Amino acid sequence: MRRNNVVVTGNEAGPVVLLAHGFGCDQNLWSRIVPDLAERCRVVLFDHTGCGRSDLVAWSPERYRTLDGYADDVLAICRALDLRDVALVGHSVSAMIAVLAANEEPDRFARLVLLTPSPCYVDDGDYRGGFSRDDIDELLVALESNYLGWSAAMAPVIVDNPDRPELADELKNSFCRTDPAIARVFARATFLSDNREDLRKVSVPTLVIQCAVDAIAPPEVGRYTHEQIAGSELVTLDATGHCPQLSAPEITARAILEFVDSR
Amino acid sequence: MKPPDDVAFAALLEDSAEDLYDNAPCGYVSTLLDGTIAKINATLLSWLGHDRDDLVGRTRFPDLLTVGGRMYYETHFAPLLQMQGELGGVALEMRTADGTRLPVLLTSTVKHGAGGDAQLIRTTVFDARDRRAYEEELLRAREQAERERDRAQQLARTLQQTLLPPALPEVRGVEVAAYYHPASLDQVGGDFYDLFPLTGDTWGFFLGDVSGKGVDAAVVTSLTRYTLRSAAVNDPEPISVLVHLNTVITQGKPRLCTVMYGSVRPTADGATVTLATGGHTPPVLLRADGGAELVHLPGGQLVGLLPDARFVTAEVRLAPGDALLFYTDGLTEARVGDDRYSEEALRDDLRGLAPATAKSVIAAVTRLLNDLGNGVEDDTALLALSVQPPGATSPVS
């Protein structure tokens, strides 16, 4: 629990919504939709090992070289809190982490919400993920060069976080910052994984949420994900970018809540 | 020099805001919240080689970045900007109309309307070609430093291994175990131990610490280890072995060391250990009944200090279930807050381990070293002997 800086909030009597953040930031990325969700749901937030305020000592390149290590962490959190009938919401790379966790222990999950997912970022034959290997290498260079600038660029002014004022000072140093070695391994695991086969094994009721314009996970990829998961639903938000929980929090929260309630 | 007259000076200052925006020495671009370019200055257009009409209202700003840069933008830059309203000094690359790359530094702020709602993103773009070239030099230098550090650590590891036995031999009737805890990956420490057959059932062993670190200390450590072994073959009487070592060490460059030399011989009801030392830390004797004591050998002098140094000897009887731990002062000198760990604290922490075996003692002290963490500033060597408790049929692990 300490490893992943688990935070539980919201309505204790409501259904459990477990929010898994994507590559690049930490659980703060959910801050704009947590209030809406927390009214009706028991909301569980955490930082992936190596991100945010997780226990960096627990990180190892062997365990977190693939998405399986992250999926194991999700299941460990569910076990530690004895979470059942979980609605697991995975953003970006965590959509595939959620798929892996749900395929491992399908009975634990009542709903899967895949927010701007991509099962495979690199083009392969007829499949268009949107990127080439060279593009991924270019991202790694961008990560690396911003490491030098991070003292200034990534030690930002703190977002107002009235629910957790005690975090303000610490956030200065951890907020969306990642050790460059960890970021590199996570970036590789994120952008070089191919989870297309895993989509077909999903048996938990699934909602795919995508944005109308998203450079990281374009609509074709969201549609592909939806088509590969039998019985899944697809919602396309009138939003731009890869993080609708920030750019369009109301409609994102509504889509999640409607699906969680549709039992 | 004559100061400019007032009229000319005023004319110089009459720089329209428009002109200042368009021809500023940096790029300016304003976008809608979804990234669509709403306004862009002439400086940035000329850097990129685009026409204003091609971009305004048609292109999203992240689409002007390289693909990898766009991924970084969408996964790091955009979320941070949305959450905190500003972000500065991010290094990315833009693509110009002819396909070349332009390294830039981006700083953005979100412009809010009167009601506090976000309206626009304003971004300044600085040409960072020189900085990028410099950074690449830095990165190369860092990578080279990392490679060299790895090489130094590899060398230190290899050298350290030559100073320690690869594995302890099996001793009939006595369980033995050892552990070496390096305080630094870059430096060879001066601690050492060994265990080897003497005659018949008797085995010789030693554990010690050469003052200092690094290559000089390693040379003396190596000399000490081989001198002790050959001296023991010549005359295994413990005091003689130390006198022989002292003679050899005092002949070389002045260098001090503390050594515990001993022999162990299994007997019908346990084992007899004969010890000799010059100034080494007192071993901890753990009795089968849970008692623990330090075996003091007072009066010995450091090896290497005087040509005719005095050493002292003692005999310890190990009964079944007893164990004896030798250690170097890296352990007992470890920092604990403002204080130092101590021989007495070690004795007290090991009390109650009974019935202890050599392996369980080493495991317990290894855990202790991990708990002391960065407080352990010096290398630590550990060697333990034990006699099986009654009833045990095989070595207890």
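Is Glu105(A) buried, partly exposed or exposed? In this predicted model, Glu105(A) is partly exposed, with a relative accessible area of 22%. That value sits in the partly exposed class because buried means under 20% and exposed means over 50%.

Glu105(A) pairs with Arg79(A) in a salt bridge whose closest N and O atoms are 2.7 Å apart. The two partners belong to distant parts of the chain, 26 residues apart: Glu105(A) lies in the loop between helix H3 (93-104) and strand S5 (109-115) of chain A, while Arg79(A) lies in helix H2 (residues 67-80) of chain A. Arg79(A) counts as partly exposed, at 45% relative accessibility. Glu105(A) also meets Arg108(A) through a salt bridge, with an N to O distance of 2.9 Å. Arg108(A), by its relative accessible area of 13%, is buried.

Back in chain A, Arg3(A), Arg63(A) and Asp73(A) are joined into one network by salt bridges that share partners. Over all chains, a search of the whole structure finds 30 salt bridges.

The contact between the two chains can be described next. The size of an interface is often given as the accessible area lost when the parts come together. For chain B and chain A, the buried area is about 2,900 Å², and carbon and sulfur atoms give 67% of this area. On the chain B side, the residues that lose the most area to chain A are Met71(B), Tyr72(B) and Met83(B), which together account for 24% of what that side buries. In terms of residues, 30 from chain B and 38 from chain A take part in the contact.

Which residues form the salt bridge between the chains? Glu138(A) and Arg101(B) do, and their closest N and O atoms are 2.3 Å apart. The count of salt bridges between chain B and chain A is one, and four residue pairs are in polar contact across these chains, with both residues at pLDDT 80 or more. On the chain B side, the elements that give two or more residues are helix H5 (67-84), strand S3 (86-95) and helix H6 (129-162). H5(B) gives the most, with 14 residues. By residue type, the side of chain B that touches chain A divides into eleven nonpolar, nine polar and ten charged residues.

Within chain B, the domain assignment gives domain 1 (6-127) and domain 2 (164-386). The C-alpha centres of these domains of chain B lie 68 Å apart. A closer look can be taken at Thr123(B), which is placed in strand S5 (residues 118-127) of chain B. Thr123(B) is buried, with a relative accessible area of 5%. The side chain of Thr123(B) makes a polar contact of 2.7 Å with the side chain of Ser108(B). Leaving aside neighbours within four places in sequence, Thr123(B) is in contact with Gly27(B), Tyr28(B), Val29(B), Leu106(B), Thr107(B) and Ser108(B).

Finally, the backbone of chain A deserves a look. Most residues other than glycine have a negative phi. Asn5(A), although not a glycine, has a positive phi of about 45°. Asn5(A) is found in the segment before strand S1 (7-10) of chain A and counts as buried, at 13% relative accessibility. Ser92(A) also has a positive phi, near 55°. Ser92(A) lies in the loop between strand S4 (86-91) and H3 of chain A, and is buried, with a relative accessible area of 3%.

Note on methods: Residues are numbered from 1 along each chain as its sequence is written. Chains are lettered from A and ligands numbered from 1 in the order in which they are written. This is a predicted model: local features need pLDDT of at least 70, side-chain atom pairs count only at pLDDT 80 or more; totals for chains, interfaces and linings use all residues. Side-chain values use heavy atoms; hydrogens and water are left out. Domain bounds come from an automatic or database domain assignment. Contact means heavy atoms within 4.5 Å. Buried area is the accessible area (1.4 Å probe) that two parts lose on being put together, summed over both. A salt bridge is a side-chain nitrogen of Lys or Arg within 4 Å of a carboxyl oxygen of Asp or Glu. A polar contact is a pair of N or O atoms within 3.5 Å; within protein, one must be able to donate a hydrogen and the other to accept it, and residues adjacent in sequence count only if both atoms are side-chain atoms. Helices (H or I, at least four residues) and strands (E, at least two) are DSSP runs, numbered from the N terminus. Ala, Val, Leu, Ile, Met, Phe, Trp, Tyr, Cys and Pro count as nonpolar, Asp, Glu, Lys and Arg as charged, and the others, Gly among them, as polar. Buried means under 20% relative accessible area, exposed over 50%, partly exposed in between (1.4 Å probe, protein chains only).
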